[in-house]
Amino acid sequence: MTRVIEVPAHFDDRSFDQFAGDFGAWPPEEKLLVDARGAQWASPYGLIALLTAGQAVAEARLERPLLTVPNSDEVKRYWARIGFFRHAAELFELHGRVPKAAATGPSDVLLDVTPVRAMEDVHQVVEKISETASRILHGELGLERNATMRFSMALSESCQNIVEHAGTSGWVAVQVYTFRRRLGRRVAVIAVSDAGIGFRRSLESTHAKRFGERWGDGAALEAALIQGVSRFRDPGRGQGLAGIKGFLDRWKGKISIRSGTARLSIVPMWDDDVPLADHLPYFPGAQVQITIPATQEAESR
Amino acid sequence: MIETIRIGHLLRETATSPYRHLVTRPTGAAVRHSIEVALSRSDCLTALLDFSDIELLDFSCAEEIVAKLLLAQASQQPRFVVLRGLRDDQHDAIEQVLTHHGLAVAAMVADGETVLLGFVSGDARAAFTCVCRLGRACAGDVAQALDWPEARATEALESLTHHRLVRPEGDLRYPLLVA
């Protein structure tokens, strides 16, 4: 038996739950066929979620899943240029012609799909993004000049969470694109995903008791993002997410974290997402999206 | 005596790779260890940590370097610590981690003025500015300059002294970078 997982035509954080729901119970018992033939567009969140699914299946020592590549040449070229197929080939049995990746990624990609396995990778991610971030964040999105550093700090802290808490490796990608339906403006998006133990298991031994029967994926996300707790006893821990929240408040940005069966977001005025979505289809690890919109001045130029 | 420690130099010596950014906890912990080694070999009263070669300082490194250094000072041979060469975003990171711990540190800003970062009351900040402007001050001097009752000035100076943000000599309090 093969279970078919359909990649949504427009694959982003909104359509992710549909994708996660296709897997059924984890770990899936059947061989998986991830069908991306109908994909018309995927955000960095969508692409690294695909890789996370492949990684989770590999780490569960299940049969290597199949992935049928998009029919659209344009979509395939884009996925190749952002580095998706290079990593997907290690996790999936790819079906369909995959174009060769260009030497350099598209100009709106701040960071190709990049694995995060160790602290050394965090250094490299920050080094790499500092070369292009200023041009895009200040020049195109109109953020203040020193926003580049704050953006890199948010990226650094998000990636470190994988190394310190996930118990396995993960993925990061950063891109600029237009949020047509939700905002009508360009946004910079940091997407980080891992196939690890998730927030609930990470925090369970130190914080579950305090929440009593309320303890679950949603309560764990609340503890981490709202209360700034960490699994470490060190009282200085848990400040990375708090710092990111401070920046996002200044930039009218959004952070959304999905782990297990829940998603918690700090929702700015321009978005209509719910703060806490619970009882969602289970998906391994944690997925973080940080969205920073262009200023209105930059959009009206 | 003031010992100037260039954090950029320490980063290059400490990290195995030639990075310009102070990111990740292990890197921060390694740099803090190097600072502590340098201070253990010095009989200085004040450590001036110069961040001017550093491009990025994330929250983890701010915590590992500045907050933990200040926490360790409480249990070791205590020094006064002053920061220099910080940019706005680095101010933010240090301000947040110190506030979280109830700590504070003095930082020189671009025009040579010294400001406080971290968890400090409004009165203590005002008294600190007053001591820096006067060059040295007792509670009576601060009370007169700020038009406060002397008890209020005494309390503010005690808070600054407790956090090692001014140097005490008898009844007088000195800015940290005055020899």
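Predicted model: local features only at pLDDT ≥ 70, side-chain atom pairs only at ≥ 80, totals over all residues.
1. Two strands are said to pair if DSSP finds at least two bridges between them. Five strands of chain B form an open sheet, and their order is β1-β2-β3-β4-β5. The pairing within this sheet is mixed.

2. The two ends of the sheet deserve attention. Strands β1 (2–6) and β5 (114–118) of chain B stand at the edges, and each has a single partner strand, so one side of each is left without a neighbour in the sheet. From one strand to the next, the twist averages 30°.

3. One pair of strands can be followed in detail. Strand β3 (residues 80–84) of chain B and strand β4 (residues 104–108) of chain B run parallel and are joined by three bridges. Within this region, B:Leu83 stands opposite B:Ala107, a residue of β4(B).

4. Helices also lie against the sheet. Helix α4 (residues 88–101) of chain B packs on the sheet and touches β4 and β5 of chain B. The direction of α4 makes about 50° with that of β5(B). Helix α1 (residues 7–14) of chain B lies across β1 and β2 (46–50) of chain B, and α1 runs at about 55° to β1(B).

5. Turning to chain A, one finds eleven helices and 13 strands. The C-alpha atoms of chain A fill a box of roughly 50 × 45 × 35 Å, taken along the principal axes. Why may the radius of gyration of chain A be said to agree with that of a compact globule? With 301 residues, such a globule would have a radius near 19 Å, and chain A has 18 Å, which agrees.

6. The interior and the contacts of chain A may be considered together. Of the 301 residues in chain A, 48% are buried. Among contacts in chain A between residues at least 6 apart in sequence, 69% join residues at least 24 apart.

7. Helix α9 (residues 217–225) of chain A illustrates burial. Eight of its nine residues are buried, so α9 is largely enclosed by the rest of the structure. The buried residues of α9(A) include A:Asp217, A:Gly218, A:Leu221 and A:Leu225. What do the buried residues of α9(A) pack against? They pack against the helices α8 (198–211) and α10 of chain A, and also against the strands β10 (254–260), β11 (262–266) and β12 (276–277) of chain A.

8. The two chains meet at an interface in which 20 residues of chain A are in contact with 21 residues of chain B. On the side of chain A that touches chain B, α5 (119–130), α7 (147–166) and α10 (239–251) of chain A each supply at least two residues. The largest share of that side, seven residues, comes from α7(A). By class, the side of chain A that touches chain B has eleven polar, six nonpolar and three charged residues.

9. Chain A averages a pLDDT of 90, and 97% of the residues score at least 70. Among the elements of chain A, strand β5 (residues 66–68) has the highest mean pLDDT (98) and helix α11 (residues 296–300) the lowest (74). For chain B the mean pLDDT is 91, with 95% of its residues at 70 or more. Among the elements of chain B, helix α6 (residues 139–146) has the highest mean pLDDT (97), and α1(B) has the lowest (89).

10. For the complex, the predictor gives an ipTM of 0.84 and a pTM of 0.89.

Conventions: Residues numbered from 1 in each chain as written. Chains lettered and ligands numbered in written order. Helix = DSSP H or I, 4+ residues; strand = E, 2+ residues; numbered from the N terminus. Rg over C-alpha atoms; globule rule 2.2 N^0.38 Å. Buried ≥ 20, exposed ≤ 12 C-beta atoms within 10 Å, placed from the backbone. Contact = placed C-beta atoms within 7 Å. Nonpolar A, V, L, I, M, F, W, Y, C, P; charged D, E, K, R; others polar. pLDDT = per-residue confidence, 0-100. Axes fitted to C-alpha atoms, helices over the stretch in contact; angles between N-to-C directions.
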